[in-house]
There are 4 protein chains.
Amino acid sequence: MTIKDVFENPDKYDFDVDQLGECVIDTPVKTANFIQDGERTLMVHDLEHVTAAIKAGRKVPSFEEAGPRRKIFHDPAWTRAAVVTCGGLCPGLNAVIKGIVQCLWYEYGVRHIFGVRYGLEGFIPSYGHEPLILNPDVVEDIHQEGGTILGSSRGGQDTRQIVNTLARLNINILFCIGGDGTLRAAHDIAEEAKRNKLRISVIGVPKTIDNDLAFIGRSFGFESAVYASGSIITAAHVEAKGAPHGIGLVKLMGRDSGFIAAYSCLANSVVNMCLIPEEPFELEGEHGVLTALERRFSIGKTHAVIVVAEGAGQDLIKGEEQKRDASGNLLKKDIGEFLKEKIERHFADKKENVSVKYFDPSYSIRSVPARGTDAILCYTLAKNAVHAAMAGRSDCVIGQCASVYMNVPIALATIERQKVDVNGMLWQSVVDATRQGEYMGYEPLVGR
Amino acid sequence: MTIKDVFENPDKYDFDVDQLGECVIDTPVKTANFIQDGERTLMVHDLEHVTAAIKAGRKVPSFEEAGPRRKIFHDPAWTRAAVVTCGGLCPGLNAVIKGIVQCLWYEYGVRHIFGVRYGLEGFIPSYGHEPLILNPDVVEDIHQEGGTILGSSRGGQDTRQIVNTLARLNINILFCIGGDGTLRAAHDIAEEAKRNKLRISVIGVPKTIDNDLAFIGRSFGFESAVYASGSIITAAHVEAKGAPHGIGLVKLMGRDSGFIAAYSCLANSVVNMCLIPEEPFELEGEHGVLTALERRFSIGKTHAVIVVAEGAGQDLIKGEEQKRDASGNLLKKDIGEFLKEKIERHFADKKENVSVKYFDPSYSIRSVPARGTDAILCYTLAKNAVHAAMAGRSDCVIGQCASVYMNVPIALATIERQKVDVNGMLWQSVVDATRQGEYMGYEPLVGR
Amino acid sequence: MTIKDVFENPDKYDFDVDQLGECVIDTPVKTANFIQDGERTLMVHDLEHVTAAIKAGRKVPSFEEAGPRRKIFHDPAWTRAAVVTCGGLCPGLNAVIKGIVQCLWYEYGVRHIFGVRYGLEGFIPSYGHEPLILNPDVVEDIHQEGGTILGSSRGGQDTRQIVNTLARLNINILFCIGGDGTLRAAHDIAEEAKRNKLRISVIGVPKTIDNDLAFIGRSFGFESAVYASGSIITAAHVEAKGAPHGIGLVKLMGRDSGFIAAYSCLANSVVNMCLIPEEPFELEGEHGVLTALERRFSIGKTHAVIVVAEGAGQDLIKGEEQKRDASGNLLKKDIGEFLKEKIERHFADKKENVSVKYFDPSYSIRSVPARGTDAILCYTLAKNAVHAAMAGRSDCVIGQCASVYMNVPIALATIERQKVDVNGMLWQSVVDATRQGEYMGYEPLVGR
Amino acid sequence: MTIKDVFENPDKYDFDVDQLGECVIDTPVKTANFIQDGERTLMVHDLEHVTAAIKAGRKVPSFEEAGPRRKIFHDPAWTRAAVVTCGGLCPGLNAVIKGIVQCLWYEYGVRHIFGVRYGLEGFIPSYGHEPLILNPDVVEDIHQEGGTILGSSRGGQDTRQIVNTLARLNINILFCIGGDGTLRAAHDIAEEAKRNKLRISVIGVPKTIDNDLAFIGRSFGFESAVYASGSIITAAHVEAKGAPHGIGLVKLMGRDSGFIAAYSCLANSVVNMCLIPEEPFELEGEHGVLTALERRFSIGKTHAVIVVAEGAGQDLIKGEEQKRDASGNLLKKDIGEFLKEKIERHFADKKENVSVKYFDPSYSIRSVPARGTDAILCYTLAKNAVHAAMAGRSDCVIGQCASVYMNVPIALATIERQKVDVNGMLWQSVVDATRQGEYMGYEPLVGR
């Protein structure tokens with residue numbers, strides 16, 4: 001089950017989200033923009049492809065449009081909603097929380113909103129985390145601060161216990177703000193609730209600073225993260241230029257996908273090499289990173305800036321001996337520190353002087369608040385999550401494509417982690433912008 | 001001729017850009033991502049609409065995909081390209097210039113690139129502005145600075161003189177970075193060149209901080225402008241709260257369209273009223289701005305923040321008596337100063353104390369450099385402009401939709417200024433976020 | 001009575017602050033750094049001068065060192081302190097409020113702290129402003145926001161009413177955070193309290209973004225204001241370079257003194273002319289500003305950046321009646337708009353094209369929070385204000401010199417507004433950095 | 001030889017800088033502010049102390065005032081000046097370089113200015129680093145970028161070779177921008193030059209981001225470093241609050257002195273513990289850091305922020321061999337990683353959940369440009385270095401005290417590294433602000 005397969009064999013997949021039951025309640029929302037049932041947005045925009053499919057009567061991938069509806073499923077008066085934030089921090093968490101609370105409170109009149117503390121832990125009684133009571137006053141200024149007022153935690157918890165807690169507290173709407181793992185957990189919660197005949201809307205807001213969820217377009221926080229990486233890359237450039245054969249080495253987020261690394265290199269055109277998980281690389285040899293540095297220095301360049309995604313080059317580390325900490329635990333190898341050490345040793349062996357300055361800024365990047373258009377994305381995702389919930393959708397996450405917001409089944413959003421296509425336009429642009437193809441010996445060295 | 005009509009009667013319009021002649025030269029560009037002839041991207045994404053149109057054999061609006069092609073029209077060896085920036089400053093101008101120069105130089109091997117100084121003035125010999133010679137060294141660091149290294153100017157120049165200059169200098173590619181007016185001028189240049197049998201590719205890069213060009217998606221600089229407005233709106237909020245019945249009044253760009261004002265209000269949720277050109281408003285009376293302020297104060301709020309687009313409420317100013325400067329010239333009325341004066345007088349008449357702090361930050365906002373994803377937009381627009389030019393397209397401007405870049409005929413991009421739809425989702429969100437409907441008496445006052 | 005006279009005839013002046021009575025209570029403060037009675041810090045650091053004075057037995061200007069003392073006057077258990085912020089906003093107001101509350105609460109155990117709302121208005125019952133109850137929780141995060149949580153207002157109020165309110169509420173310590181006018185009011189309050197046999201410590205914290213108080217060293221907020229002016233001056237530079245003969249004109253704070261303008265020009269070396277109240281200038285004629293611009297353009301420069309303090313060139317603006325603001329300060333006619341008009345008209349008359357971009361950023365500058373070392377200054381002034389108050393000092397304001405903090409009589413701090421010495425080092429540096437002497441024809445034109 | 005001894009036994013020390021010979025040349029500098037011979041500024045400001053010393057005829061520590069003089073030693077026409085930047089990066093290096101070049105060029109008319117590349121390496125022919133030719137055009141915009149356009153390197157080079165190079169190139173003025181080690185090298189160069197009868201002015205500009213040089217007041221870059229630490233500490237606070245028992249751990253610069261750590265804690269009042277080299281601490285036991293964390297959690301706090309200077313707690317790290325860097329400085333073992341591991345293991349052993357987020361931002365902090373008042377400090381130090389050099393001073397470094405600039409003998413500035421006085425006001429303020437005395441069990445736990 002791959003993203004590619006979804007596009008190639010759409011008939012095998014279900015593009016519709018779960019619906020808890022018939023919508024019979026009049027919405028209190030006042031707007032001229034109600035979404036009609038059946039309004040769907042295409043996921044394929046290629047004229048030829050779409051035309052052929054439609055003429056042949058084949059299914060074209062599309063999702064239901066998100067937004068407010070005239071009839072809703074949950075009665076605002078008895079609605080008890082919960083919000084939980086899971087996994088690592090990401091810019092905009094507080095903005096999403098604020099948006100959810102405001103939309104529930106002001107547009108639907110919901111008055112019982114609970115903030116679940118410290119991720120899924122907050123559902124497990126034994127942790128003893130009391131929920132926050134949320135209302136517009138509590139969330140008034142939170143969008144200006146990074147992080148999440150709810151706290152977060154990594155890792156799963158027992159689905160039954162979570163659903164028991166939801167049942168015990170009479171929660172009928174659950175907003176899960178989280179990434180791949182969290183959304184899978186949300187899917188399990190939705191299914192368990194269904195098995196228990198509980199009419200709980202489980203709605204995901206896609207939080208993935210790595211931008212690696214399928215079908216959801218740009219995820220919130222990504223834009224702010226790319227923005228925040230700018231000052232770090234500038235610092236790496238300054239440090240690199242400040243020493244003879246100085247090398248500024250920056251590790252950015254991206255366990256399985258190199259989107260942040262790739263975008264940051266495009267946004268900051270001082271980077272000379274970008275290393276991502278999707279594109280394996282060597283150290284030594286004709287196309288190796290070390291040889292690339294030598295090639296760059298050989299044409300008179302006195303510095304270099306390298307950006308590496310945290311998940312890049314993991315195959316290189318596997319072969320290395322790993323250290324153990326005092327308790328005997330294997331210390332996880334860090335590709336950044338690994339590269340730093342290899343580069344230093346390589347040039348030391350050649351009696352050449354290099355100075356590697358290593359930057360590992362992930363916490364600083366992910367803890368900023370979302371601003372500007374990224375803040376708008378947070379707000380709009382939040383509102384559409386509320387609209388989906390009130391209309392009784394479940395097991396669904398909000399996606400976005402070309403300014404249109406959509407209700408996407410969680411199963412599709414998590415079918416596979418979205419990755420940088422190394423044969424595609426984005427990666428081509430990175431290679432063009434860094435000119436790393438030349439340094440790495442894949443193209444004749446023109447220099448810059 | 002309206003945008004609406006293009007969508008409703010697509011058969012009346014031509015969605016294809018001009019082509020100077022057959023492409024017979026092999027491209028020097030190395031990539032796996034060549035665009036094939038006929039690749040087009042849909043401008044309508046509504047499943048039902050598209051299906052109906054295709055089944056009925058009706059045209060569906062679509063544009064040619066932008067990008068590199070295997071065969072190009074202009075021979076890089078003899079190509080002489082010129083770049084000109086026109087109109088007011090906008091974040092990202094230098095990033096676009098850098099992107100154009102880099103793509104021409106490194107990917108196509110073009111070695112003759114001229115920077116036309118001070119907008120269209122730079123083509124008119126009598127101004128005496130010598131062009132800059134551009135190459136990768138000259139543009140190396142320019143993306144880090146706001147503004148344009150070429151300088152700019154407003155206003156048109158004689159098309160014949162411009163084309164004469166292009167002919168005299170043997171320019172075969174002209175990049176016009178500019179907005180509505182500039183693109184119309186580019187269109188005239190392209191037509192005049194055609195009349196003179198000159199094979200000049202005239203390619204526009206859409207520069208409109210107001211985001212008011214049709215069919216081009218988000219224009220570059222807009223994201224940075226929205227971002228930059230954040231600190232001003234924060235300052236207005238701080239000042240408003242610092243005085244009894246303090247009112248922070250911020251005028252933002254937007255002569256005919258309120259996109260920046262609307263987006264800035266969504267991105268900074270401390271704004272209580274947003275006034276844009278598309279939505280007329282009154283001062284006095286039940287739904288007036290002054291009454292709205294009174295309503296807000298009446299529920300115990302001690303401050304207010306108002307954002308007004310520069311083109312809003314122009315009908316209110318017309319009735320006012322205007323002052324003349326010492327030379328007897330009519331002084332142009334500024335809606336910001338007008339509102340400030342009216343608010344102060346209104347409350348003074350009621351013997352109530354207000355303190356209006358007026359912010360007019362436009363120059364500070366538009367002179368920042370583009371950063372983050374906005375910088376990537378600049379770079380990608382620039383590259384695609386070069387690809388379009390080398391492939392012999394002309395009278396065309398680069399647009400973008402859902403990460404796909406397109407070649408759009410200038411005639412369509414300038415058919416009408418795009419405006420905020422006051423019945424649409426964006427404006428609805430602004431009204432929800434500010435709650436101005438309540439203050440203005442259109443909805444019951446719930447307060448906040 | 002001038003600052004100069006204080007230094008030249010110190011025997012005529014009293015350098016000691018008021019003391020409400022004997023200090024007989026043991027302090028609860030735990031520190032190894034108690035100030036001993038009689039510890040004083042010199043205000044003159046010139047070896048020769050000091051040596052001569054001491055040998056001759058003449059008084060040398062000096063102030064009592066500020067800081068905690070072993071014995072205090074006010075009993076923390078019954079102390080009721082009030083804090084008021086007056087006048088225009090200034091970076092760091094919230095940091096000072098926080099510092100005062102924390103020091104009172106944690107170090108002295110004071111539990112009754114009132115925040116007087118909206119400046120001196122807050123003391124006058126008829127305004128109806130209820131005080132805020134202050135404690136460490138309330139002030140926890142306020143230092144991160146600009147402005148003042150108390151609100152502020154300009155203008156004096158009846159001293160008797162203020163003292164009546166203090167007496168009625170049993171306030172025995174009053175912290176006045178404000179500038180020249182506020183400190184004079186504080187002085188009156190202290191005297192009126194004395195006349196009424198009220199033992200009220202009235203302590204000033206010097207708030208003057210213009211840095212124009214005497215004997216107090218650098219005032220808080222000044223550093224942040226200079227910092228904040230940087231982005232505006234950069235914007236002015238970008239705009240100026242963006243147009244043929246572009247002129248970026250920036251008006252900065254400085255009603256009577258040009259410290260912010262002068263410092264900002266030194267901190268941002270792109271400014272070509274700095275105009276301050278202390279140095280009169282002409283428009284026309286050999287040394288005029290207009291002629292200076294012509295001289296600059298005559299050597300091939302295509303842009304100019306001018307910084308003007310709001311109080312500069314007031315003599316040039318004639319024929320308009322002047323207003324006073326609520327504090328009774330003469331409202332300055334806007335020198336920035338005046339200059340803009342004059343420059344435009346001058347070059348228009350000569351049929352020469354200039355483009356003046358005018359920046360009036362004062363609200364944006366003064367509403368930022370204090371950060372970095374400026375935040376430390378706020379905190380340390382606040383603590384020393386508390387120490388002075390608890391030790392029974394009154395009619396005193398906290399000053400600072402070379403990292404030593406001092407208790408300065410308000411009468412001396414307000415004896416005269418401190419001004420930029422146009423024959424001194426600071427102004428010399430500005431003239432050197434801008435090279436305006438050359439443009440203005442006072443020195444041969446070397447150009448830059 | 002200690003700083004304390006200098007103040008206690010001033011008669012044992014020489015407070016005068018070297019003078020290469022008689023000043024007989026008229027200065028080209030135009031100013032009303034010439035410094036007279038014999039103008040000295042006191043280093044002691046305590047009235048009692050100074051009075052007693054003067055009356056008793058004892059020496060009072062004082063330094064010659066820096067600034068321009070009517071007669072100078074070096075002839076501008078034949079002057080060949082060199083500038084070198086040494087050691088780690090520091091905010092403001094480029095601003096100092098720019099200031100030196102501008103003052104030499106514009107005020108003295110010096111036309112031969114060399115930028116020595118990559119620190120002292122640049123003097124050693126075998127490295128092959130060609131000097132940069134410096135003039136106002138080259139340095140025009142450099143102040144806006146962090147780092148140094150000259151590059152830098154750590155470590156000493158052979159003094160004779162350096163002086164040989166100076167002699168061979170006919171350099172008669174050398175500006176050394178560097179810290180403790182560099183200034184000692186400069187002292188050696190000055191002495192070696194003297195031995196060789198070379199009339200070379202060796203002038204230091206004190207670069208020490210740690211603020212640890214004696215008698216020079218606040219060093220340039222320090223203010224910007226404290227400012228830049230703010231966003232990191234905020235990020236640490238956000239991360240700490242985002243996890244149950246989250247701990248944000250920030251390592252800041254400070255090999256031997258904790259000034260940056262201490263100031264950053266004062267400037268960002270979210271820090272709960274500050275650890276510096278001057279104040280030893282334990283991990284376990286009643287007053288240990290681990291116990292302190294437990295105490296903080298025991299009163300219901302769910303997070304903690306710790307700032308640790310890189311040189312703190314070195315005694316705790318045992319059993320590892322220590323390395324030296326190229327400058328011969330002992331490389332400190334990483335106290336941050338050590339603490340992270342210890343904290344994690346401690347709570348893991350207790351089966352308690354903590355989440356330590358470690359920040360090591362030093363490169364990001366030191367590579368920013370100097371802005372605001374820090375930029376002015378750079379400029380003024382640079383100008384006074386030039387004035388000292390032209391007047392034939394040597395073996396001297398520019399200091400500053402209460403806005404007065406002074407020529408300080410290098411021998412005194414490097415007599416001992418200045419440290420935080422743990423019995424003084426600064427540290428007291430840090431302890432008050434963090435309340436770490438309570439957590440560490442030195443004071444009763446009041447909590448916060």
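Which residue in β4(C) is the bridge partner of Arg40(C)? It's Glu64(C). Before going further, a word on the model and its labels. This is a predicted model, where local features need pLDDT of at least 70, side-chain atom pairs count only at pLDDT 80 or more, and totals for chains, interfaces and linings use all residues. Residues are numbered from 1 along each chain as its sequence is written, while chains are lettered from A and ligands numbered from 1 in the order in which they are written.

**Strands in chain C**

Helices (H or I, at least four residues) and strands (E, at least two) are DSSP runs, numbered from the N terminus. Two strands count as paired if DSSP finds at least two bridges between them. By that rule, strand β3 (residues 40-42) of chain C runs antiparallel to strand β4 (residues 62-65) of chain C, with 3 bridges. β4(C) also pairs with strand β17 (residues 404-409) of chain C, again in the antiparallel sense, over 2 bridges. There, Glu65(C) has Met406(C) as its bridge partner.

**How the chains meet**

Residues are in contact here if their C-beta atoms, placed from the backbone, lie within 7 Å. For the classes, Ala, Val, Leu, Ile, Met, Phe, Trp, Tyr, Cys and Pro are nonpolar, Asp, Glu, Lys and Arg are charged, and the others, Gly among them, are polar.

| Side of chain A | Residues of chain A | Partner residues | Classes |
|---|---|---|---|
| touching chain B | 47 residues | 47 residues of chain B | 19 nonpolar, 17 polar, 11 charged |
| touching chain D | 26 residues | 25 residues of chain D | 10 nonpolar, 10 polar, 6 charged |

On the side that touches chain B, the elements of chain A that each supply at least two residues include β3 (40-42), α2 (47-55) and α13 (372-390). Towards chain D, the elements of chain A doing likewise are α7, β14 (355-359) and α12 (362-366). α7(A) gives the most to that side, with 5 residues.

What about the pairs that don't meet? Chains A and C do not touch, and their nearest C-alpha atoms are 10 Å apart. Chains B and D have no contact either, with their closest C-alpha atoms 10 Å apart.

A turn of 180 degrees and a shift of 0.0 Å along the axis does it, with an RMSD of 0.0 Å. That is the relation of a two-fold axis. The C-alpha of chain A nearest the axis belongs to Ala402(A), 2.2 Å away from it. Since 100% of the interface residues of chain A are also interface residues in chain B, the copies meet through the same surface.

The expected span of a helix is 1.5 Å times one less than its number of residues. α13(A), with 19 residues, reaches 28 Å from first C-alpha to last, close to the expected 27 Å. A residue is buried if 20 or more other C-beta atoms (placed from the backbone) lie within 10 Å of its own, exposed if 12 or fewer, and partly exposed in between. In α13(A), 19 of 19 residues are buried. Just after α13(A), Gly392(A) has a positive phi of about 85 degrees.

A nonpolar core is a set of buried Ala, Val, Leu, Ile, Met, Phe, Trp, Tyr and Cys residues joined through C-beta atoms within 7 Å. The largest one has 580 residues, and Phe175(A), Phe175(C) and Phe175(D) touch the most other members. Leaving aside neighbours within four places in sequence, the contacts of Phe175(A) include Ile100(A), Val205(A) and Ala385(A).

Notes: Two residues are in contact if their C-beta atoms, placed from the backbone, lie within 7 Å. Copies are superposed by least squares on the C-alpha atoms of residues with pLDDT of at least 70 in both.
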